[in-house]
Amino acid sequence: MKSIYLFTIVSLAGILFFGATDAFAQETGACCLPNLTCMDNITDADCQLQGGIYQGDGSNCATVTCEAPTGACCLPDFTCMDNITDADCQSQGGIYQGDGSNCATVTCEAPTGACCLPNLTCMDNITDADCQSQGGIYQGNGSNCATVTCDVCDCIPGNANNDADINVGDAVYIISYAFKGGPSPEPYATCSGDANCDCQTNVGDAVYLINYAFKGGPAPCDCETWSSLCGTPLRK
Ligand SMILES: [Ca+2]
Ligand SMILES: [Ca+2]
């Protein structure tokens with residue numbers, strides 16, 4: 001009789017004990033870590049602590065594939081591409097829109113900034129392309145008219161290669177541009193190469209510069225004069 005009581009007590013204690021541990025036992029599963037490796041037998045909370053994505057109770061790495069999350073990508077031409085990873089988006093020069101994003105709800109917009117128009121007024125919130133289509137000079141992404149000055153005449157006619165001096169190097173640069181398909185004068189394709197201030201850049205400017213550099217000929221005009229003669233936007 002005594003042994004039956006003891007057995008019953010031990011059995012009850014056992015049921016209570018294992019019942020209690022069952023109640024506190026936490027479910028585990030597979031976890032996809034940020035480096036896309038898989039870890040087994042981990043709780044949801046521990047997975048999240050490691051920055052991972054929990055694959056569900058009872059899941060395991062044998063049947064789980066850890067893939068980089070995808071989303072929408074704004075490409076450099078402002079078109080949108082779906083189902084692409086952050087890394088693939090960036091490798092194409094795009095801007096990733098976040099995990100799970102998609103092009104149906106994403107707007108890929110060109111950045112805007114300030115634009116100095118040909119009449120030297122300033123326009124805000126305009127894209128580079130729109131600014132150029134109005135003959136303006138774009139001031140950079142995020143710029144705004146409050147901090148931009150549009151009446152700075154910053155062309156040096158004749159300094160075709162955009163270095164510190166006006167000299168024979170500019171004549172060589174202009175000859176290369178005019179006859180050999182070399183790069184345009186910098187930073188203003190016409191004004192910067194226009195040493196004789198006739199509103200175009202050609203071999204006559206190279207001749208003018210050689211005359212100036214070696215024969216004491218007249219210097220090119222200044223920016224203000226060029227602007228008053230030729231009028232095209234050369235002011236920032
Ligand atoms: Ca120069
Ligand atoms: Ca010229």
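1. Two strands are taken to pair if DSSP finds at least two bridges between them; strands (E, at least two residues) and helices (H or I, at least four) are DSSP runs, numbered from the N terminus. In these terms β4 and β5 run antiparallel and are joined by four bridges. One of the facing positions is G71, whose bridge partner in β5 is I84.

2. This is a predicted model, in which local features need pLDDT of at least 70 and side-chain atom pairs count only at pLDDT 80 or more, while totals for chains, interfaces and linings use all residues. Residues are numbered from 1 along each chain as its sequence is written, and chains are lettered from A and ligands numbered from 1 in the order in which they are written.

3. Overall, the chain has seven helices and nine strands. Of its 236 residues, 25% count as buried (20 or more other C-beta atoms within 10 Å of the residue's own; exposed means 12 or fewer, partly exposed in between, with C-beta atoms placed from the backbone). Contacts are pairs of residues whose C-beta atoms, placed from the backbone, lie within 7 Å. Among contacts in the chain with a separation of 6 or more, 52% join residues 24 or more positions apart.

4. The sheet that contains β4 is open, with three strands in the order β5-β4-β6 and antiparallel pairing. β5 and β6 (95–99) stand at the edges with a single partner strand each, so one side of each lacks a neighbour in the sheet. From one strand to the next the twist averages 30°, given as an angle on the 0 to 180 degrees scale between N-to-C directions of lines fitted to C-alpha atoms.

5. P76 is placed in the loop between β4 (70–74) and β5 (80–85). P76 counts as exposed because it has 11 C-beta neighbours inside 10 Å. Beyond its neighbours within four places in sequence, P76 is in contact with G93 and G94. C108 is 32 residues from P76 in sequence, with a C-alpha to C-alpha distance of 9.2 Å.

6. In α5 the buried residues are D170, A171, Y173, I174 and Y177. Viewed down the helix axis, the buried residues of α5 fall within an arc of 160°, so they line one face of the helix; the arc is that of the directions from the axis to the C-beta atoms. These buried residues pack against α6, whereas the face turned away from them carries the exposed F179 and K180. Just after α5, G181 takes a positive phi of about 70°.

7. Strand β7 (residues 112–116) is mostly covered, with four of its five residues buried. β7 pairs antiparallel with β8 (residues 122–127) over four bridges, and C115 stands opposite M123 in β8. Five residues lie between the strands of this hairpin, where L120 takes a positive phi near 70°. β7 also pairs antiparallel with β9 (residues 137–141), over three bridges; there the bridge partner of C116 is I137.

Methods:
Two residues are in contact if their C-beta atoms, placed from the backbone, lie within 7 Å.
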